[in-house]
Structures are given as C-alpha cells and as structure tokens.
Amino acid sequence: MVTKQDIYNAVEDCEDDIVEFVREFLAIETENPPGRNYRDGAVFLANELSDRGYDVETVSVPDEVVAKHYPTRTDHERVNVLGRKVGERSGPDIHFTGHFDVVPAGEDWSHDPYDPIVKDGNIYGRGASDMKSGIAAGLFAIDALAAAGIDLHGSVTQSMTVDEETGGFTGLGYLVDEGYISPENTDYCVYTECFDSSRICLGHRGVLKFHITAHGSKSHGCMAHDGENAVMAMNDFLRRVDSYEDELHVRTTDLPVTPPESRHADISVTMMDAGYSENIVPDRCQATFYRVLVPGETVEKAREEIRDLMNTAESATGRTFEYDEIMFAEPASVPENCTVSQTYTENILKFYDETDHVVSPGSDDQRFVVNNAGIEECIVYGPGLLEQAHVVDEFIPVDEIVTAAKVMAASTADLMGVTS
C-alpha cells in the first residue's frame with residue numbers, strides 16, 4: 001500500500017513542472033469581460049490533459065446560449081474543456097473543476113501581468129491566485145498519484161470552464177445543464193477556487209445585480225415645472241432602499257461566512273447615471289444595485305421585495321420605474337460533515353495545526369453543482385490567497401500550490417480507498 005509520504009514526495013518532485021505550467025498558463029490572456037482568447041486557453045489545457053492520458057472533450061457553447069446570457073459579447077466564443085481518466089478498478093467518480101477566465105488586469109502593475117515572473121518564491125501574473133493555480137494543483141495532484149504508483153479506483157474528471165467572473169452561465173453552468181456533471185457521473189466534486197490551502201469553503205452567499213430606471217419628462221431648467229424630474233423620483237426610491245437595507249441587516253446566518261461582518265443580507269447602490277446638461281431636467285435616472293443574499297434567502301423572494309419597493313415609489317411619486325436584471329446567483333451551502341469535507345479536513349491537518357470551515361461572502365460556480373446538479377458532496381478547496389484576487393501585482397506562493405496539490409492528491413487517494 002502506498003503511503004501518504006510517497007504521495008507528498010511525488011508532488012515535491014514535480015515542483016519545477018508546476019511552476020513552468022503555471023507560468024505558461026498565466027501568459028494566456030483570458031480576460032473576462034469580454035472573454036478573450038478562450039480558444040487559446042482551451043487548446044493549451046486540452047493538450048495538457050491529452051498528454052496525461054485523459055479522454056478529452058472541448059465543449060463549445062452555442063451562439064444562442066451565449067446571446068441569452070451575454071448579448072453584447074457574442075463575438076467572443078465560449079469554450080470549456082473536460083478530461084476524464086478511468087481506472088481499472090471500480091470506485092467513486094471524483095471531479096475537479098475550476099475556471100480559467102480572469103478579470104481584466106488593469107493598470108499600475110510593476111511588471112507585465114501576462115509575462116509571469118517568479119520572485120522570492122511567488123509567481124506573479126493575472127490569474128495567479130484567482131484561479132489558474134487551482135487548476136494546476138488539481139492536475140498535478142493526479143499526476144502525483146500516478147508517479148507514486150497508485151492506480152485509480154474509479155475515475156477522475158477535470159473540467160476547466162469560462163465566464164465564472166461574469167456569472168458562469170456559459171461555463172460550469174452550461175456543463176451542468178448539459179449533464180456533464182450530474183449525480184449519475186459525479187460522487188465527489190472539488191471546486192478549486194482560491195481560499196488558501198489551509199481551509200475548506202462550504203458554500204457562498206447569493207447575489208442579485210440589477211438596474212432600476214426612474215422615468216420622468218424633460219424640460220428646460222428655467223421652466224422645471226413643465227418637466228418631471230427623474231432624479232427626484234429616484235431619490236424617493238433610494239430612501240426606501242435605505243430603510244430596506246436596515247431590514248436586511250437583521251437577516252443573518254449562523255454559517256461561518258468570512259469575514260464575520262458579511263454574515264447578513266445587504267444591498268448597495270453601486271452606480272448612478274442621469275442627466276444630459278446642467279440646464280435640462282432629466283427624464284431618466286438609472287441606478288445599479290448589488291443585493292447580497294444569505295443562505296436561506298431566495299433570488300425570487302428578493303425580486304419580489306424590489307418590485308414592492310418600486311410599486312410604493314411609483315404610488316408616492318406618480319413616476320414609473322423599470323427593472324432590468326444583470327445576473328443572479330442563488331446562495332449555496334453543504335454540510336461540514338459531508339464525506340469530501342471530512343476527508344479534506346483530515347489531510348489539511350497534516351500540514352496545519354488547525355483549520356476552519358468558511359462560507360464565501362461572494363458567489364461562485366459551486367452553486368451550479370450543489371443547487372442545479374443536486375450534488376451535496378461538493379466543496380471549494382484550492383491554493384491562492386483570497387486577498388490576492390483581482391488586485392494589482394497578483395501573486396501565488398509556490399508553496400501554496402504544492403501544499404494544495406498534496407492535500408488534493410492524498411484526499412483523492414483516501415476517497416478511492418487506496419492509501420494506508
């Protein structure tokens with residue numbers, strides 16, 4: 001029987017290969033929005049999977065599906081990748097999944113964000129922590145099992161998806177819709193998003209993003225009585241939102257959302273747009289909102305509450321209000337004592353004196369597996385520092401990837417029952 005130390009040694013032996021893989025991967029500029037170079041990223045990953053003996057499928061999303069979710073981005077193709085490796089003996093089906101789209105790099109970097117460098121034990125580049133290193137850890141974890149002489153008992157699937165940064169509907173959401181991930185083909189799922197190698201994430205809060213537009217009628221500023229000021233109508237609505245926010249802050253969860261200050265529901269107005277000129281009474285005013293849901297709330301109920309606010313504002317002002325939804329994500333959570341969580345916890349504690357289970361303050365693709373596919377045995381675990389996500393000079397410590405790969409490899413072996 002192969003020991004855990006044999007697995008750890010196999011991961012350590014491929015550290016240089018891990019670094020080189022991550023550097024090559026980060027150099028592919030898969031920015032979202034709008035969704036650049038997804039085909040290049042998919043080809044790179046498909047080749048890596050093929051070289052490792054996986055049966056590989058690239059899944060292109062039909063144009064009409066892209067248009068439904070991202071109507072202004074249909075000129076960028078959406079391509080997801082799956083690789084499956086089946087052992088000679090029966091056992092569980094284990095699925096690693098992660099996204100390879102990254103947020104725009106922006107400016108003020110100390111170096112080219114798409115020409116990755118290694119410095120002081122860290123790899124720098126856009127997507128280093130969020131979350132191309134998670135995909136690397138999953139790949140090299142299974143490589144290490146083979147290098148240690150472990151035959152798979154069951155199967156391992158690796159999926160690499162797009163568009164998580166803008167909702168995931170044409171990425172992991174599409175794979176779930178099409179049956180690539182279901183209770184019939186997946187026993188355990190690990191979403192390799194960055195929460196650092198010392199802890200497991202059990203779920204996330206939900207979100208509803210939307211625009212509200214208040215309508216009025218234009219007039220010259222010197223004859224304001226002839227117009228209907230949409231900004232003032234919006235002011236009435238915002239006062240109601242302010243009171244609604246107080247109500248939401250009372251809705252809390254006992255789940256370990258991190259940071260603790262995020263353990264309540266919330267709403268924020270994040271953008272405003274109105275007016276044409278200083279001497280024109282505006283006929284429209286648009287506000288953008290970010291409504292956060294705690295587990296136990298539903299998106300449909302949140303929509304109803306927003307509609308009620310709109311109706312009362314319309315009655316009070318005599319103006320009309322229009323709702324335009326941007327995206328939504330239902331909250332998701334799994335029990336701390338599910339098998340995959342317990343297995344990963346035991347292996348994390350081989351490297352850390354203590355660990356904790358957390359729930360993400362934001363949303364991610366885990367919800368598609370838990371809520372849509374109905375798979376409860378799904379956790380978030382991956383390398384990377386959450387505070388490095390989306391920042392300038394993003395980096396990942398090499399040790400983070402190596403440790404996460406060790407935990408992933410050992411946990412996979414335990415779930416398959418092939419370690420002593």
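Reply: The radius of gyration is taken over C-alpha atoms, and the globule rule is 2.2 Å times the number of residues to the power 0.38. For 420 residues a compact globule would come near 22 Å, and the protein chain has 24 Å, which agrees. This is a predicted model, in which local features need pLDDT of at least 70, side-chain atom pairs count only at pLDDT 80 or more, and totals for chains, interfaces and linings use all residues. Residues are numbered from 1 along each chain as its sequence is written, and side-chain values use heavy atoms, with hydrogens and water left out.

Now the pocket. The search runs on a 1 Å grid over the protein atoms alone: a pocket is an open set of points with protein on both sides within 12 Å along at least five of seven lines, a cavity is a set of points where a 1.4 Å probe fits but cannot get out, and lining residues have an atom within 4 Å of a point. Grid points are joined across faces, edges and corners, and a volume is the space filled by probe spheres set on the points.

The largest pocket holds about 760 Å³ of space. It is lined by 27 residues, and those closest to its centre are His69, Thr166, Phe169, Ile326 and Met327. Helices (H or I, at least four residues) and strands (E, at least two) are DSSP runs, numbered from the N terminus. At least two lining residues come from each of helix H4 (63–69), helix H6 (172–177), strand E9 (206–215), strand E14 (320–329) and helix H10 (366–372). E14 gives the largest share, five residues.

For residue classes, Ala, Val, Leu, Ile, Met, Phe, Trp, Tyr, Cys and Pro count as nonpolar, Asp, Glu, Lys and Arg as charged, and the others, Gly among them, as polar. On that scheme the lining of the largest pocket has eleven nonpolar, eight polar and eight charged residues.

The second largest pocket has a volume of about 510 Å³. Its lining has 23 residues, with Glu164, Glu165, Gly362, Ser363 and His390 nearest the centre. By class these 23 residues divide into nine nonpolar, six polar and eight charged.

One cavity of 30 Å³ or more turns up in the whole structure, and the largest cavity has about 30 Å³ of space. Phe96, Gly134, Gln158 and Thr192 are among the residues that line this cavity. Strand E3 (89–99), helix H5 (128–147) and strand E6 (153–161) each supply at least two of its lining residues. No charged residue takes part in that lining, which has three nonpolar and six polar residues.

Buried means under 20% relative accessible area, exposed over 50%, and partly exposed in between (1.4 Å probe, protein chains only). Glutamate 178 is partly exposed because its relative accessible area is 46%.

As for the rest of the chain, there are eleven helices and 18 strands, and 57% of the 420 residues are buried. Helix H9 (residues 339–348) is mostly covered, with seven of its ten residues buried, including Val340, Tyr344 and Ile348. The C-alpha atoms fill a box of roughly 85 × 40 × 40 Å along the principal axes.
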